[in-house]
Amino acid sequence: MAGGAASGSFAKSQDRYGWLFVTLALILFGVFLLYPIVYSFYLSTMSSKGVTQNFVGLDNYIKLFKDPMFILALKNTIVFFVIQVPIMLFLALILATVLNDKTIKFRGLFRTAIFLPAVTSLVAYTILFKMMFALDGFINTALMNLHIIKEPIPWLLDPVWAKVTVIIALTWRWTGYNMVFYLSALQNIPEEIYEAAEIDGAGKIRRFFQITIPALKPLIVFTSIMSTIGTLQLFDEPMNLSQGGVTASTIGPGNSLLTLSVYIYNLCFKYMPNFGYAATVSYIIVFIVAILTVIQFKVAGDRN
Amino acid sequence: MKRILVYAFLISAFVISVFPFYWMVVGMTNSAVDVIKGKMTFGGQLFNNLKILFSSYDMAGVLLNSLKISGLTVIGTLIVASMAAYGFEMYSSASREKVYSILLLSMMVPFAALMIPLFRLIVKLGLLNKHSALILTSIASVFIIFFFRQSFKSFPKEIIQAARVDGAGEFSIFFFIVIPSMKSTYAAAAIYSFMTSWNAYLWPLIVLQNDKQKTVTLLISSMSSAYFPEYGVIMAAIVIATLPIITVFFTLQKHFVQGMLGSVKQ
């Protein structure tokens, strides 16, 4: 077949162009992403004090479980995502459902306003919240004027309230962001399904749980994975909420805001640098992400 | 009755979302004491706060730094990431699909896990305290490659075929036919990339240790951790730092939402 040879050389040149187009990205990816990821794992099996490095195998991983600071950071981080992610995603779902109703007025305005927090920088909004939640700050003043509370709440001075503040702040920043994803998916659900369910006598709440949530399941899984990864990396908020910022001796009252990422930073840049041990902590995050991803996909079933 | 509840819910969500923005604009015009007391009305300190911000701090310098870093990052990312996405999508091959899945997997790896070797690499390359340390490391954004690829999926392949028949080269097809017809996607990617770069904190904090090279985000952070924070001045800095993003967002909002939705729908 005469055409065969020609199309074969066409395929070959096509393949070459394919590589040409991706080369630049692959070089940068390899150097600045893949290499550090792999090297970090290698580092996690080393003990490095100053310039000397020794291979210690899994010793660093064993050391973790005897390190009270690591345990504390792990606990704090888990509290954040276990409580915050479900609250936020549920709120985002409800907002998206409400705003998907075409009879609601000013939908565009509401959508834009609720999305707006997502454009602020993490540092800027955190500092804003730090001022609002100060002991004599706006929130306490307002709550006391409304006679909701008698005494000011020690938002940033009490270990539990400090966590509550972070959870409120995170929810403010990210709910609208997730809502936009849900809104887009909701627009793909044919209205007839809802109409049929309505005829069958299903109320709004039943329609929400039996049509909306199952239809959005893949996206809910996706957003919960992304939010979980985000929360596991929590750094900007705890750093900037605590008194003294980067140089603070504790992150939040009684280290209640010490997260894994903050701990890694401290291990590398605040204490005597121990890159090997810090890399070990960072790989714990990778393992948690991997496990959670698998679980979340299992929960969602095999769709996508 | 139900209607009223729905609107009450939406209006409270609206107020909660927007209030901090109002408050930061008001705060910019007030003294430190008034800000922390939660004064809700405009004051007369705007000029004074701005004066302090631009004289006691190197606000102009850090603004220029941030603009330079974010601008170059956006340009680099748009070119490199969209080319890569085009290569993955339009020239299908099994081996490139494998590479692509490695890329996607790497999105799951938190930044903390690569930060240490990356920092040492930057030191070795002599890029510590250089803006290129921020730009080079963020150009190959896997998320943006993914984003572009999702959008290229809906690009009509017939147009490319027709251009080939007309004798156009592969690169000129990409640069002169594909790019101009995907403005929405490029705008959305540009906003995303600009926002990420402008707002970055942890990586700049590590790599930029000289005051002269610092970014707006780093300056705001260090201002607020001062022993006696000047809240009115900080508010002014926050407003100035947030303004470019909000402006960019509102002017390109249509594209951004369209682009985001386009990538999700696939």
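Predicted model: local features only at pLDDT ≥ 70, side-chain atom pairs only at ≥ 80, totals over all residues.
**Chains A and B: an introduction**

Residues are numbered from 1 along each chain as its sequence is written, and chains are lettered from A and ligands numbered from 1 in the order in which they are written.

I return to A:His147, which sits in the loop joining α6 (138-145) and α7 (159-186) of chain A. Helices are DSSP runs of H or I with at least four residues, strands are runs of E with at least two, and both are numbered from the N terminus. Although A:His147 is not a glycine, its phi is positive, at about 60°.

Chain A comprises domain 1 (2-43) and domain 2 (65-300), with bounds from an automatic or database domain assignment. The centres of these two domains of chain A, taken over C-alpha atoms, are 37 Å apart.

I turn now to chain B. It has 15 helices and 0 strands, and 42% of its 266 residues count as buried. Along the principal axes, the C-alpha atoms of chain B fill a box of roughly 70 × 65 × 35 Å.

Finally, B:Asn129 is also not a glycine, yet has a positive phi of about 65°. B:Asn129 counts as partly exposed, because it has 14 C-beta neighbours inside 10 Å.

Methods:
Buried ≥ 20, exposed ≤ 12 C-beta atoms within 10 Å, placed from the backbone.
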